[in-house]
Amino acid sequence: MEQNIAKYIEVYEELSKKMKWKVTDNKILMTIASFYALNQQLFQMERYLMVAEEIKKQAGIFSSIRSESRYITAAMLDVSFEDPELKIPALFHAYDELIEAKFRRGIFTYIAASVLIKNSGSEPGDYGPVITKAKDIYDRMKKEHFFLTSAEDYPLAMLLASSGRDDVIERNERFYEDLNRHGFRKGNHLQMLSHILTLDKEVSAETLLSRTIEVFDAFKEVGLKQKTFYYPVMGMLAMIPPEELDMHKVHQVYEQLNQTKHFKWQKDLNVTLAASFVVKDKLENSAFIETSLYTSLETILQAQQAAMTASITAAAASSSSSGSGN
């Protein structure tokens, strides 16, 4: 884990030197650096910037992805594919198909398109069934929680559609209501937590509910605040069997990030990343993980990254003058 954290800091410092005038929000650079560390991918500045510029070049002149959000999308492609620049046409193809399916134009649809091309295993032109299912899941989310559901939920709807579950909304609603009855506050973060728990195929709903409550209590025990913002992180940590989960380690990594000069003002993001590093360490080093659970945990980690990316991109997207473009 120390190696992954060191890589995160190293990539962040390199990005910061090169891009501090190109990206207004430090959290975007932190998110990009975390992609390379958590996915254990080599970071090459020239290649990465080439992908970002190629996205800009291929985008429509009024496209929201021409803004600084292209840097996050470039990182998502770069850590997912050997030849990321060759996947850019597929990204725009997937985006166009999502727009045809009545997803709204904007950066969250680009993130959903990135999730789609990574997880579908299909070629452009074969995305239709997954897109149809994602739109159905999103529309049903909107029906259940009209004021909570927004374009920010597109990436998670796409992951849910790719999961192969047929009981997505029913399972999601069960988690939402049961957790609320156990003291979790209703709102967007509880909805995101419910999405993340719904993705798990290996563990029963009753067990996941119990584990999530245990993780919530453990946050307080180790000295972490029980903020609603952390609910999705709690869901990710609940995937790890309690006997394998070391919440003191999460707190230790959190404090380590807080003491790093670049990150000390970003405590909320530090909690998210500390938990992500601990989960990744379990994936790499724990004997308890079977193949099926490994796949499930990888998906959950990706879902957490998608949720984090969506929330951090929201401010940049809303402030972009081209946010209503292609």
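Which residues do ring pairs link into a cluster?

A: Ring pairs link Tyr-8, Tyr-12, Phe-263 and Phe-277 into a cluster. Keep in mind that this is a predicted model. The structure holds 15 aromatic pairs, so let's zoom in on a couple of them.

Start with Tyr-138 and Tyr-154, an edge-to-face pair with 4.8 Å from centre to centre and 70° between the planes. Tyr-138 belongs to helix H7 (residues 128-144) and Tyr-154 to helix H8 (residues 154-162), so this pair ties together parts that are 16 residues apart in sequence. Both Tyr-138 and Tyr-154 are buried.

Now hop over to Phe-229 and Tyr-230. This aromatic pair is edge-to-face too, with 6.1 Å centre to centre and 75° between the planes.

Lys-142 lies over the face of Phe-146, at 4.8 Å from the ring centre.

Next, look at two helices. Two packed helices are described by the angle between their axes and the distance between the axes. For helix H2 (residues 26-38) and helix H4 (residues 69-80), the axes come within 9 Å and cross at roughly 5°. An angle under 35 degrees counts as roughly parallel, so H2 and H4 are roughly parallel to each other. On the H2 side, the residues in contact are Ile-28, Ile-32, Phe-35 and Tyr-36. They meet Tyr-71, Ile-72, Ala-75, Met-76, Asp-78 and Val-79 in H4. Sorted by class, that contact has nine nonpolar residues, one charged residue and no polar ones.

Last, a peek at the backbone. Most residues other than glycine have a negative phi. Gln-40 is not a glycine, yet its phi is positive, at about 50°. You'll find Gln-40 in the loop between H2 and helix H3 (45-58), and with a relative accessible area of 43% Gln-40 is partly exposed. Lys-102 also has a positive phi, near 80°, in a residue other than glycine. Lys-102 sits in the loop between helix H5 (88-100) and helix H6 (107-119). With a relative accessible area of 65%, Lys-102 is exposed.

Definitions and conventions:
Residues numbered from 1 in each chain as written. Predicted model: local features only at pLDDT ≥ 70, side-chain atom pairs only at ≥ 80, totals over all residues. Heavy atoms only, no water. Axes fitted to C-alpha atoms, helices over the stretch in contact; angles between N-to-C directions. Helix = DSSP H or I, 4+ residues; strand = E, 2+ residues; numbered from the N terminus. Parallel < 35°, antiparallel > 145°, perpendicular 65-115°, else oblique. Contact = heavy atoms within 4.5 Å. Nonpolar A, V, L, I, M, F, W, Y, C, P; charged D, E, K, R; others polar. Phe/Tyr/Trp six-rings, centres within 6.5 Å; stacked < 30°, edge-to-face > 60°. Buried < 20%, exposed > 50% of the residue type's maximum accessible area, 1.4 Å probe, protein only. Lys NZ or Arg CZ within 6 Å of the ring centre and 35° of its normal.
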